[in-house]
Amino acid sequence: MDDEPIGSTREWLLFQTMGKCKPPLNLASGDNLFSTAMATALEFNHYSIRFGDFQALNEVSLRIEEGGFVAIVGPNGAGKSTLLKSILGLTEGIQRDGRTQTFGRVQVFGKPPQAVSAGLVGYVPQVKGFDRSFPALAVEVVVSGLRRSWPFRVSRQEYQQAQAILEKVGALHLANRRLGRLSGGELQRVYLARAMIREPKLLLLDEPATGVDAVGEADLYRHLEVYKTHSGATILMITHDWEAAQHHASEVLLLNRRVVAFGPPAQVLCHECLAEAFGHVGHTHGLAMSGGR
């Protein structure tokens with residue numbers, strides 16, 4: 001297996017300071033992390049997905065309680081984005097060779113993803129995949145999250161709702177700005193406002209800090225924590241930043257096409273678990289300062 005580079009200097013330093021820890025609870029092996037009295041937001045039961053000959057996820061069993069903040073960590077190609085798209089019920093649209101095959105079960109608030117009300121789930125995609133040449137205003141993007149379709153004409157009420165949520169994420173001044181004029185951090189705030197406008201109970205974020213500077217990243221996590229505190233929402237966030245996962249998440253899911261470990265950050269982000277997931281972090285030649293984020 002080829003070694004993948006460490007994402008950043010601070011990730012390496014964080015890794016170096018981690019000592020040995022107790023093995024984290026792993027729901028794939030039958031451990032039960034949550035009390036049966038806790039409400040369940042998400043449940044994967046022996047879930048696998050294949051795209052042609054490619055095994056994207058294998059036997060994922062996992063239960064996440066409502067109100068949790070889960071950071072999803074793993075190497076490139078580990079199935080992290082596929083996991084989020086499975087929650088959204090969008091796996092059929094993923095472009096791979098061959099037909100899509102799924103096994104097992106995914107439930108969102110006790111229902112299959114396709115049966116869940118769209119207003120219950122908010123999604124922040126990777127900003128790097130967005131076409132900034134698209135001639136749209138920030139407020140139109142936010143209103144599209146309200147309508148679930150493109151707003152060719154925004155009503156006064158919709159405009160006011162969009163302004164209110166943009167203000168909450170510190171982006172009210174961006175409402176009438178075209179997307180092509182937004183920085184990475186500003187665009188991320190607009191997408192966050194779009195995802196939050198219906199006040200979802202579940203918020204999914206795919207590498208939200210990518211392309212965002214340190215100040216924008218700090219603001220992002222502050223807005224997420226405020227929203228979680230006020231709404232009680234469950235948050236799942238894909239990240240390559242181990243330090244962010246350690247400081248902001250209540251649980252970490254370490255994924256490499258299967259559940260390597262799941263539990264509190266102090267238990268999951270340890271030498272043994274990271275080495276099992278990444279297969280390289282203990283080697284000094286894996287230390288690279290770019291290309292791994």
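Visitor: Why is Phe-109 called buried?
Guide: Phe-109 counts as buried because its relative accessibility is 18%, and the label takes anything under 20% relative accessible area, while exposed means over 50% and partly exposed lies in between (1.4 Å probe, protein chains only). Bear in mind that this is a predicted model, where local features need pLDDT of at least 70, side-chain atom pairs count only at pLDDT 80 or more, and totals for chains, interfaces and linings use all residues. Residues are numbered from 1 along each chain as its sequence is written, and side-chain values use heavy atoms, with hydrogens and water left out.

Visitor: What is the phi of Phe-109, and where is its place?
Guide: Phe-109 isn't a glycine, yet its phi is positive, at about 50°. You'll find Phe-109 in the loop between β4 and β5. Those names come from DSSP runs numbered from the N terminus: helices are H or I with at least four residues, strands are E with at least two.

Visitor: And Arg-257, why is that buried, partly exposed or exposed?
Guide: Arg-257 has a relative accessible area of 33%, so it falls in the middle class, partly exposed. Arg-257 also has a positive phi, about 70°, without being a glycine. It sits in the loop between β8 (251-255) and β9 (259-263).

Visitor: What makes the side chains of His-240 and Glu-207 a polar contact?
Guide: The pair comes out at 3.4 Å. A polar contact is a pair of N or O atoms within 3.5 Å; within protein, one must be able to donate a hydrogen and the other to accept it, and residues adjacent in sequence count only if both atoms are side-chain atoms. His-240 itself is buried, with a relative accessible area of 10%, and lies in the loop between β7 (234-238) and α7 (242-248).

Visitor: How do you know that β1 and β2 pair, and in which sense?
Guide: Two strands pair if DSSP finds at least two bridges between them. Strand β1 (residues 40-51) and β2 have eight bridges, so they qualify, and the sense is antiparallel. Tyr-47, for instance, stands opposite Val-60 in β2.

Visitor: What is the order of the open sheet of three strands?
Guide: The order is β2-β1-β4, with antiparallel pairing. β2 (54-65) and β4 (100-108) stand at the edges: each has a single partner strand, so one side of each has no neighbour in the sheet.

Visitor: What makes something a cavity or a pocket?
Guide: On a 1 Å grid over the protein atoms alone, a cavity is a set of points where a 1.4 Å probe fits but cannot get out; a pocket is an open set with protein on both sides within 12 Å along at least five of seven lines, and lining residues have an atom within 4 Å of a point. The whole structure has one cavity of 30 Å³ or more. The largest cavity is about 70 Å³, and its lining includes Gly-185, Arg-189 and His-223. α5 and α6 (214-231) each give that lining at least two residues.

Visitor: How many residues line the second largest pocket, and which lie nearest its centre?
Guide: There are 18, with Leu-88, Ala-118, Val-121, Tyr-123 and Arg-148 nearest the centre. β5 supplies the largest share of that lining, three residues.

Key:
Points joined across faces, edges and corners; volume = space filled by probe spheres on them.
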